[in-house]
Amino acid sequence: MMRSGVFCYSRYVVRSLGVGQARQQSTLRAGDHTLQNGIRAAVLKNIARQQSTLQEKHAAVFNLGIFGAGTVGGGVCEIIANQQEFFRSNLGVDLRVSKVCVRDLEKKRDFKVPEGSDVEYTTSIDNILDDPSIDCVVELIGGTTDAKTVCFEAIKKGKHVVTANKALVAEHLTELVELLEANPKVYFGLEAAVCGGIPIISLLQSAFLADSVQQIAGIMNGTTNFMLSKMEGEGADYAVVLKEAQDLGFAEADPSADVDGYDVRAKVSILAKLAFGTTIPLDNVPMAGITGISSDDFAYAKEMNSTIKLMGVARVVDSQLNIFVSPMIVPLNNAIGTTSGATNIVEVRSQSLQTSSFVGEGAGRFPTANSVMSDVLAIAQGRAMARPFQRTHSTLKLETDFMSSFYVRIRVQDQIGVIRRIGELCETHGVSIQALQQTPVVDNNTVLLCLLTDRAKVSQIDLLTVGLERAGFCADRPFAMPLLTEA
Ligand SMILES: NC(=O)c1ccc[n+]([C@@H]2O[C@H](COP(=O)([O-])OP(=O)(O)OC[C@H]3O[C@@H](n4cnc5c(N)ncnc54)[C@H](OP(=O)(O)O)[C@@H]3O)[C@@H](O)[C@H]2O)c1
């Protein structure tokens, strides 16, 4: 059918060449490939134009109800405004932003809406949820209260849902999976919920499905990576870089979600569910943030040709699943160690693909909105995953008391016997010392020591640091973090 179409159009093009037609026809018969190629190109262009007109005519209307018109919601509206014609003509999807739900109708918006569109702004959640013409709800308001109502009620009403809300997904994962099982016709997209613009969710949903993942580790929070990169590059202290990050709009006025590790905890839990099938109660994930890191730690890390990164790690060790969030000493010869600024990186180690690294923008209007749009288009085109969490269960036992080599920074008052006491405390807690280094004494009240341990359980290191603090010679609380050296 296609062949006869091509033939028919090619005859038409040849006939319509006008002056010199006969010569051209004879040239054609003589087999001039240049002319033939030119004609073929014109023919194909013509067919493409006709097909696109056809596709445009038959582009299926897909109505969106968007919750939130802030950083990400604004980006989604603007991408649709810029690409709507392409979606219609090439993808056969007539995407329409029907309604947008916000808190404040008076607020000036900083994005384009699709031309000629009749977007209705509302403050009523039900105005969208109860509208049967809305095919898909896009939840971009954040938080876990109203956002939960939006997503869960939309699913119950048979509307597809796309969200960028990692906190919501991670906190209510079990309930969400059950709800999706009960509503198998609903598609649920969450690409934007983890690492903004990096398509790590769809990779774990598809490319790694036949593989056996052993470890997922990476930098999953741009704010803290920006801050740590500044501390590393400028030798600045935590408080100084936090202020700078806040002034630049990278960090919130209340930075806890980022700097205490909550954001990474939600993200690594979602990735662990996709990679290993295990649903992890968030409270069970050991979590340490970056607030205790000082410029001294960066100086020690540098001596080891390493740096410090806030990491989310989920890995299988001896048929057990370790998962944790912690700052780690990361070698600079590793892709994670050299990923700086607000950039994110996720490294996946798996049986077949070995080590794969995915680097990109972890946040921001357009990277995140792009991930939202990839889910929206997959749903609108009918090529979305029916079950977003394909691995339903796991035989892996969750082991939160993970093992690693550790770095421990100890500031002590200069006294005879301190090193002996540190050695004794290590022995008491079964921690083997790999190295112990003291910087030359400048101030007798604060002498800096760096202890590197052999592999130990995190619980042993916790007991060791408590023991050190109680021993009476420490100037402040010792600070420990694992080393990224082994699987
Ligand atoms: N920003 C990023 O780079 C990024 C990256 C990855 C994931 N995310 C996730 O994306 C989601 C949205 O983040 P964002 O940065 O776009 O937030 P945002 O800029 O603060 O925007 C939030 C929007 O939601 C609206 N809103 C809030 N509560 C509402 C409610 N109860 N009812 C109706 N509307 C409500 C606000 O309305 P008003 O404008 O009227 O106040 C605003 O338009 C969050 O889950 C976040 O974690 C963000």
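User: Where does His172 lie?
Analyst: His172 is in the loop between helix H7 (166–171) and helix H8 (173–182); helices are DSSP runs of H or I with at least four residues, numbered from the N terminus. This is a predicted model, in which local features need pLDDT of at least 70, side-chain atom pairs count only at pLDDT 80 or more, and totals for chains, interfaces and linings use all residues. Residues are numbered from 1 along each chain as its sequence is written.

User: Why is His172 classed as partly exposed?
Analyst: Because His172 has 18 other C-beta atoms within 10 Å. Buried takes 20 or more, exposed 12 or fewer, and partly exposed is in between, with C-beta atoms placed from the backbone.

User: How far is its C-alpha atom from that of Lys148?
Analyst: The C-alpha atoms of His172 and Lys148 are separated by 8.6 Å, and the two residues are 24 apart along the chain.

User: Now the core. How many residues are in the largest nonpolar one?
Analyst: It has 132 residues, and those with the most contacts inside it include Ile66, Val138, Leu271 and Ala314. Such a core is a set of buried Ala, Val, Leu, Ile, Met, Phe, Trp, Tyr and Cys residues joined through C-beta atoms within 7 Å.

User: Which helix gives the most to this core?
Analyst: Helix H13 (residues 262–276), with 10 residues.

User: And what does Ala314 touch?
Analyst: Leaving out residues up to four places away in sequence, Ala314 touches Ile216, Val268, Leu271, Ala272, Ala275, Phe276, Leu321 and Ile323. Contact means C-beta atoms, placed from the backbone, within 7 Å.

User: Switching to helix pairs: at what angle do H4 and H15 pack?
Analyst: Helix H4 (residues 71–91) and helix H15 (residues 365–380) pack at about 45°, with axes 9 Å apart. Axes are lines fitted to C-alpha atoms over the stretch in contact, and angles run from 0 to 180 degrees between N-to-C directions.

User: Which residues meet there?
Analyst: Among them are Val76 and Ile79 in H4, and Val372 and Leu377 in H15. By class, the contact has 9 nonpolar, 5 polar and 1 charged residues. Ala, Val, Leu, Ile, Met, Phe, Trp, Tyr, Cys and Pro count as nonpolar, Asp, Glu, Lys and Arg as charged, and the others, Gly among them, as polar.

User: What about H16 and H17, at what angle do they cross?
Analyst: The axes of helix H16 (residues 418–428) and helix H17 (residues 458–470) cross at roughly 145° and come within 9 Å. The contact is made by Ile422, Leu425, Cys426 and Thr428 of H16 with Leu464, Gly467 and Leu468 of H17.

How values were computed:
Helix = DSSP H or I, 4+ residues; strand = E, 2+ residues; numbered from the N terminus. Contact = placed C-beta atoms within 7 Å.
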